[in-house]
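This briefing goes with the structure shown below.

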Amino acid sequence: MNPAEPAAPETPTDTTPTDTTPTETATRPRRRVLRTVGLIAVAAVLGLVGGTAVGYRIQADREPTPLPALNQAGLAYPAKPLPKGEGPEPLSAKEDLQSKAQGDLRKLLLPRPKGARADGKDGWQPLDAYADGFTLPDRALEDELVSGVRRIATRAWLVGEYKRIQINLVQYRPDSRLGAFEHTTEQQRIAASEGKSASLGHEVKGSTNGRYYIYPVRREAGYLDAYEARAFIQRGDIAITILMYDTHKIAESEIRSLAERQLGRL
């Protein structure tokens, strides 16, 4: 779907039995076996014909058996309405995941940790602003529209001097449930094909197809070291994206914990 990956922010400047042929001695007993089988088959055919003839004779002497009526009563389920209070209990808001996703999507975002500073827009994000975060914004915008994007909630924060974390919840229309799946799998394909993660990512516990990726350091003369981690998860009609950047090594436990906790809120 999306042909481009989310664009990373600029790094701050610092001063993968041979077949065997049977022998002639083996073919002789086989002929005897085949001949025996042939005799048994003839007997079976004769028995079948004889039995069929007797069966027709018996059936001809019997009265015809009437067929049951097509419109039988009492096939509905339940046959009678259940007494009040004996029916199944409705799902709670915690159990009804679909109900939760139809509410305020912003409330499902992980809260900023204590001491973290807001970075950029927090809450609903316009589609054009979301598309601007990709390396090919025009193509990303077109693909999202075709996929039936419905709404986007985002939250980003800064920890310390350079660590930045951003979470996007992108929800697609009910008649476009493949939108979230296609978005997630496409971003995972890009993340794995870049070669920087050195693997196909790691599974996010509790998800059906979520994965997170940790990239090796990028070094360039005149710039601070750049570290990056990403997570892409699908939950129903929502695609979860988590992006993390820092000038120091990112622990695997950190991106894994973020992914699992954000998934848990959905």
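**Strands, burial and charge in a predicted model**

Strand S6 (residues 211-218) pairs with S7 in the antiparallel sense over six bridges; two strands count as paired if DSSP finds at least two bridges between them. This is a predicted model, in which local features need pLDDT of at least 70 and side-chain atom pairs count only at pLDDT 80 or more, while totals for chains, interfaces and linings use all residues. Residues are numbered from 1 along each chain as its sequence is written, and side-chain values use heavy atoms, with hydrogens and water left out.

**Overall make-up**

- The protein chain has six helices and eight strands; helices (H or I, at least four residues) and strands (E, at least two) are DSSP runs, numbered from the N terminus.
- Read from the N terminus, the order of elements is α-α-β-β-α-α-β-β-α-β-β-β-β-α.
- Of the 266 residues in the protein chain, 32% count as buried; buried means under 20% relative accessible area, exposed over 50%, and partly exposed in between, with a 1.4 Å probe and protein chains only.
- The protein chain exposes about 17,800 Å², and carbon and sulfur atoms supply 56% of that area. Accessible areas come from the Shrake-Rupley method with a 1.4 Å probe, and for residues only the protein chains shown count as cover.

- Strand S4 (residues 163-172) runs antiparallel to S8 and is joined to it by eight bridges; Ile167 has Ile242 in S8 as its bridge partner.

**Burial of S7 and S8**

- S7 (residues 226-235) is mostly covered, with nine of its 10 residues buried.
- S8 is largely enclosed by the rest of the structure, because nine of its nine residues are buried.
- Both faces of S8 are covered: Ile238, Ile240, Ile242, Met244 and Asp246 lie on one side, and Ala239, Thr241, Leu243 and Tyr245 on the other.
- Ile238 counts as buried because its relative accessibility is 1%.
- The C-alpha atoms of Ile238 and Ile152 are separated by 9.4 Å, although the two residues are 86 apart along the chain.

**Salt bridges**

- The structure holds 11 salt bridges, a salt bridge being a side-chain nitrogen of Lys or Arg within 4 Å of a carboxyl oxygen of Asp or Glu.
- Arg230 forms one with Glu228, with the closest N and O atoms 2.6 Å apart; both residues are buried.
- Arg139 and Asp143 meet in another, at 3.7 Å from N to O. They are separated by about one helical turn, because they are four residues apart in helix H4. Arg139 is partly exposed at 44% relative accessibility, whereas Asp143 is buried at 11%.
- Arg112 and Asp122 form a salt bridge, with the closest N and O atoms 3.3 Å apart.
- Arg112, Asp122 and Arg155 are linked in a network of salt bridges.
- Arg112 is partly exposed at 38% relative accessible area, and Asp122 is partly exposed at 32%.
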